[in-house]
Amino acid sequence: MDEEKQFENERQATAEERSDTAVEAQNTDAAAEAIEPEHASAAEGESETPAGEDLDPTAVEAEAAAREAREREAAEDVATTLETLKATAEAASAQLEEMKSQYVRLQADFDNFRKRTEKERQALEERAKCEVLQELLPVVDNFERARTQIKPQTDGETNIHKSYQSVYKLMVDCLKRLGVAPMRPEGEEFDPNLHEAVMREPSDEHPEGTVIGELMRGYTLGDRVLRHAMVKVAAPPEPVVSSEEAESDESDA
């Protein structure tokens, strides 16, 4: 009996606790429902103007003017930014064009300098070559004189003659490879740029001013004269005086 009574007491206590919990939950929900309409009404009051209250025209105009001023200021800022960007782009374009023109001028100056330097180098090389060859020409003249004047009589003299003539031939071949060429002025018209007249000889066979003899050979290096040729030039024939003219001249004297 005692156990059954104790069990009944515990059951009743549990039921009472559940009942208290349910009552508290109902009270909480009711309080929440009461608070929500108040907040909702307050928010509606803040966001909406009561139907009976009229809007202030001055405030509306002020707000519109402020909004227009802000829009105008924003547009001016955009326009200013665009002008700045445009000016920057124009300055960069002008600087680019100036740099391009400077590059073109520098390239032209460098090409001119390279051409001028190459021309000066070639001229210096040509001048040095001419100076060396001019010093060798008398040696060639002596070889040619020896070939025309020396007449070997014995086998030993013939061998010596052949040996130095082989040296002469070797030198002539070297000069040809360097571009040296001898002049052949006989029969040509006298040219002061190529020839040097040292003698004049009356001639009936050749026109006046024709080269009829070469006293010293001239040489050229390409279009440049290494040494002028010393030549003999034809002159007009002397008039023939007959014996009768000579006697008349004597009698007049």
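**Terms and their grounds**

Modeller: The structure holds zero disulfides. The model is predicted, so local features need pLDDT of at least 70 and side-chain atom pairs count only at pLDDT 80 or more, whereas totals for chains, interfaces and linings use all residues. Residues are numbered from 1 along each chain as its sequence is written, and side-chain values use heavy atoms, with hydrogens and water left out.

Biologist: What makes a pair of cysteines a disulfide here?

Modeller: The two sulfur atoms must lie within 2.5 Å of each other.

Biologist: Why is Cys130 called buried, and why is Cys174 called partly exposed?

Modeller: Buried means a relative accessible area under 20%, exposed means over 50%, and partly exposed lies in between, with a 1.4 Å probe and protein chains only. Cys130 has 3% relative accessibility and therefore counts as buried. Cys174, at 30%, therefore counts as partly exposed.

Biologist: Why is the contact between Arg105 and Glu98 called a salt bridge?

Modeller: The term requires a side-chain nitrogen of Lys or Arg within 4 Å of a carboxyl oxygen of Asp or Glu. For Arg105 and Glu98 the N to O distance is 3.7 Å, so the pair meets the definition. Arg105 is partly exposed at 44% relative accessible area, and Glu98 is partly exposed at 40%.

Biologist: How many salt bridges does this rule give?

Modeller: The count comes to 11 salt bridges.

Biologist: How do you know that Arg121 and Glu125 are separated by about one helical turn?

Modeller: They are four residues apart in helix α2, residues 57-149, and therefore about one turn separates them. Helices are DSSP runs of H or I with at least four residues, strands are runs of E with at least two, and both are numbered from the N terminus. The closest N and O atoms of Arg121 and Glu125 are 3.2 Å apart, so this pair also forms a salt bridge. Arg121 has 41% relative accessible area and is partly exposed, as is Glu125 at 43%. Glu118, Arg121 and Glu125 are linked in a network of salt bridges.

Biologist: Is Glu144 buried or exposed, and what is Arg217 called?

Modeller: Glu144 has 14% relative accessibility and therefore counts as buried. Arg217, at 22%, counts as partly exposed.
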